[in-house]
Amino acid sequence: MEQKIIEIIAEYQDRDESEYSADQTFTDMGLDSLDLAELILQLEDALGADIDINPKHNTPAKLAEYIASIT
């Protein structure tokens, strides 16, 4: 799941996936709150799950852990 999140971010920002790590914060990746909302929408579509936006899930690793707990 971490890789899928990174893949979506890289595609969204038109950058290479290798520029990101699962422990890098979304802010450090250059994402703002609107970008995160778009990321969540794309993940919800891909997974068919409702994902709550929570500041605690501020890295791909933490978000992936949360998603795993609800799916």
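Which buried residue has no salt bridge, and how far away is the nearest side chain of opposite charge?

1. The residue is Glu 44, which is buried without a salt bridge; Lys 4, the nearest side chain of opposite charge, is 14 Å away. Buried means under 20% relative accessible area, exposed over 50% and partly exposed in between (1.4 Å probe, protein chains only). A salt bridge needs a side-chain nitrogen of Lys or Arg within 4 Å of a carboxyl oxygen of Asp or Glu. For charge, Lys and Arg count as positive and Asp and Glu as negative, while His and the chain ends are not counted.

2. On the basis of the note: this is a predicted model, in which local features need pLDDT of at least 70 and side-chain atom pairs count only at pLDDT 80 or more, while totals for chains, interfaces and linings use all residues. Residues are numbered from 1 along each chain as its sequence is written, and side-chain values use heavy atoms, with hydrogens and water left out.

3. Glu 44 sits in helix α2, residues 33-47. Leaving aside residues up to four places away in sequence, Glu 44 touches Ala 49, Asp 50 and Ile 51. Contact here means heavy atoms within 4.5 Å.

4. The salt bridge count is 2. Lys 4 pairs with Glu 7 at 3.6 Å, N to O; both lie in helix α1 (residues 2-13), 3 residues apart, about one turn of the helix. Glu 7 is partly exposed at 31% relative accessible area, and Lys 4 is partly exposed at 35%.

5. Arg 15 and Glu 19 form a salt bridge at 2.8 Å, N to O. Arg 15 is partly exposed at 38% relative accessibility, and Glu 19 is partly exposed at 39%.

6. The largest nonpolar core has 19 residues, and those touching the most other members are Ile 5, Ile 9, Phe 26, Leu 39, Leu 43 and Leu 63. Helices α1, α2 and α3 (60-70) each supply at least two residues of this core. Such a core is a set of buried Ala, Val, Leu, Ile, Met, Phe, Trp, Tyr and Cys residues joined through side-chain atoms within 4.5 Å. Beyond residues up to four places away in sequence, Leu 39 touches Ile 5, Ile 8, Ile 9, Phe 26 and Leu 63.

7. Overall, the protein chain has 3 helices and 0 strands; these are DSSP runs numbered from the N terminus (helices H or I, at least four residues; strands E, at least two). Of its 71 residues, 35% count as buried.
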